[in-house]
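Hi,

Here is the structure I said I would pass on. Have a look at it first, and my notes come after.

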Amino acid sequence: MNTPNNKRRKESMERIEKVFVELLQTKELDEIRVSDICKRAGLNRTTFYANYADIYGLADAIRNKLENEVTDLYEDEIIQRFNSNDYLKLFRHIKDNQIFYQTYFKLGYDNEYKVIAYDVNLAREHFQNQFVEYHMEFFRAGITQIIKLWLKNGCRESPEDMVEILKSEYRGRAEW
């Protein structure tokens, strides 16, 4: 393989993704054209189509990239089938990658959630194997909305504060 071309291709893809994410901050997905991206990135349309089938393929590539990064945060736990409930890693990642998470949610990917994995076995044990699907959905929806609000507010609170907010919601459950 030609190493300089691989480097050039990677740089081109990064420029395309960067411009796409920037455009998504002010436009809806269906308003963005390949020609807009190429013009702002200083690339030819052939470069775009050599890497992505279309705008939706680019959006999916951004989604996969972010989801893979989150998976990498918890790689050891996934391999060992262990759940530390360490959300500090996640909140730090969100704070460091705010624009990508804003893009992720703007594209509506939270409806097909893959960012947060739910420990089904732990939930079955904790909830005596009753209504686990409801608990899972409640958790996903709750953490999604907390993350969205935090992003909307510019991540003013620290990741540590966000973990404490999440913990306080679960502590409060026992008092009902």
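Below is what I found in it, going from the whole chain down to single residues.

A bit of housekeeping before that: this is a predicted model, so local features need pLDDT of at least 70 and side-chain atom pairs count only at pLDDT 80 or more, while totals for chains, interfaces and linings use all residues. Residues are numbered from 1 along each chain as its sequence is written, and side-chain values use heavy atoms, with hydrogens and water left out.

**The chain as a whole**

The chain has 10 helices and 0 strands, where helices (H or I, at least four residues) and strands (E, at least two) are DSSP runs numbered from the N terminus. Written out along the sequence, that gives the pattern α-α-α-α-α-α-α-α-α-α. Of the 176 residues in the chain, 35% are buried; buried means under 20% relative accessible area, exposed over 50%, and partly exposed in between (1.4 Å probe, protein chains only). As for contacts (heavy atoms within 4.5 Å), take those in the chain between residues at least 6 apart in sequence: 60% of them join residues at least 24 apart.

**How the helices pack**

For the geometry, axes are lines fitted to C-alpha atoms, for helices over the stretch in contact, and angles run from 0 to 180 degrees between N-to-C directions.

Start with α7 (residues 98-106) and α9 (residues 132-152), which pack at an angle of about 125 degrees with their axes 10 Å apart. That makes the two helices oblique to each other (under 35 degrees counts as roughly parallel, over 145 as roughly antiparallel, 65 to 115 as roughly perpendicular, and the rest as oblique). The crossing of α7 and α9 is left-handed, meaning the near helix is turned anticlockwise from the far one by less than a right angle, with clockwise being right-handed. On the α7 side the contact uses Gln98, Tyr101, Gln102 and Phe105, and on the α9 side Thr144, Ile147, Lys148 and Leu151. By class, those residues are 4 nonpolar, 3 polar and 1 charged. Here Ala, Val, Leu, Ile, Met, Phe, Trp, Tyr, Cys and Pro count as nonpolar, Asp, Glu, Lys and Arg as charged, and the others, Gly among them, as polar.

Helix α9 also packs against α6 (residues 88-96), at an angle of about 35 degrees and with the axes 11 Å apart. This crossing is right-handed. Leu90, Phe91, Ile94 and Lys95 of α6 meet Ile147, Trp150 and Leu151 of α9, a set with 6 nonpolar residues, no polar ones and 1 charged.

On to α4 (residues 55-73), whose axis comes within 10 Å of the α6 axis, the two crossing at roughly 145 degrees. Here too the crossing is right-handed. From α4, Leu66, Glu69, Val70 and Leu73 meet Lys89, Leu90 and His93 of α6, which comes to 4 nonpolar, 1 polar and 2 charged residues.

**Single residues**

Arg63 sits in helix α4 and is buried, with a relative accessible area of 8%. Glu28 lies in the loop between α1 (3-24) and α2 (34-41) and is partly exposed, at 42% relative accessible area.

Now the cysteines. How many disulfides are there? The count is 0, taking a disulfide as a pair of cysteine sulfur atoms within 2.5 Å. Cys38 is buried at 5% relative accessibility, and Cys155 is buried at 2%. Cys155 is in the loop between α9 and α10 (159-173). Most residues other than glycine have a negative phi, but Cys155 has a positive phi of about 50 degrees.

Cheers
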